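Hi everyone, thanks for having me. Please have a look at the chain on the screen, and then I'll walk you through it.

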Amino acid sequence: MPEKSSWLREATATAEGGHVRTDDGELSTALASPLAPHCTGLTPEQLLAAAFASCLHHAAVEVAGDITDEAHTVQVRAEAKLGRDDDGRYRADVHAEISSAGLSRDQLADLVEYADRLWPFSSGDTSRHRLTVTPAENGRH
């Protein structure tokens with residue numbers, strides 16, 4: 001993985017007390033709670049679908065600029081499903097579709113292929129991402 005100084009963008013988010021928010025304040029929303037099923041808010045699968053759609057859309061718009069001047073018509077629809085394995089661990093299945101007005105089938109196929117290769121969670125390469133989970137220092141927020 002690249003050194004931190006080589007990253008192009010960075011964001012931080014905090015989830016606590018039934019809410020999730022980005023530190024820059026651009027996103028703040030209620031979360032559904034497994035401890036309080038009557039609470040309303042976004043579920044993990046909704047957040048996964050939104051995150052995948054957003055990331056892939058970013059890549060697809062970038063790629064579309066090389067294929068067409070209609071990059072603003074790119075649409076990504078993502079569906080995320082969560083399940084449980086027999087040992088209780090969650091598993092996710094995400095399917096995304098890209099469309100763009102005015103493209104031929106070949107152009108759209110190229111757009112999908114290049115966008116999928118561009119973003120870090122490519123359908124063909126699971127080695128390009130890493131998640132590290134560690135305990136926070138006591139009192140750190």
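Let's start with burial: of the 141 residues in the protein chain, 18% are buried. Buried means under 20% relative accessible area, exposed means over 50%, and partly exposed lies in between, using a 1.4 Å probe and protein chains only. A quick word on where this comes from: it is a predicted model, where local features need pLDDT of at least 70, side-chain atom pairs count only at pLDDT 80 or more, and totals for chains, interfaces and linings use all residues. Residues are numbered from 1 along each chain as its sequence is written, and side-chain values use heavy atoms, leaving out hydrogens and water.

Now the overall layout. The protein chain has 2 helices and 5 strands, and from the N terminus on they run β-β-β-α-β-β-α. Here helices (H or I, at least four residues) and strands (E, at least two) are DSSP runs, numbered from the N terminus. Along its principal axes, the C-alpha trace spans about 50 × 40 × 35 Å.

Next, please find helix H1, residues 44-67.

Which residues of H1 are buried? They are Ala 49, Ala 53, Leu 56, Ala 59, Ala 60, Val 63 and Ala 64. These buried residues pack against strand S4 (75-84), strand S5 (90-99) and helix H2 (105-118).

In soluble globular proteins, nonpolar side chains tend to be buried together. A nonpolar core is a set of buried Ala, Val, Leu, Ile, Met, Phe, Trp, Tyr and Cys residues joined through side-chain atoms within 4.5 Å. The largest one here has 15 residues, and Leu 56, Ala 60 and Ile 98 are among those with the most contacts inside it. H1, S4 and H2 each supply at least two of its residues, and the largest share, 6 residues, comes from H1.

Let's zoom in on Ile 98.

Finally, Glu 16 sits in strand S1 (residues 13-16). Is Glu 16 buried or partly exposed? Glu 16 is partly exposed, because its relative accessible area is 39%.

Terms used: Contact means heavy atoms within 4.5 Å.
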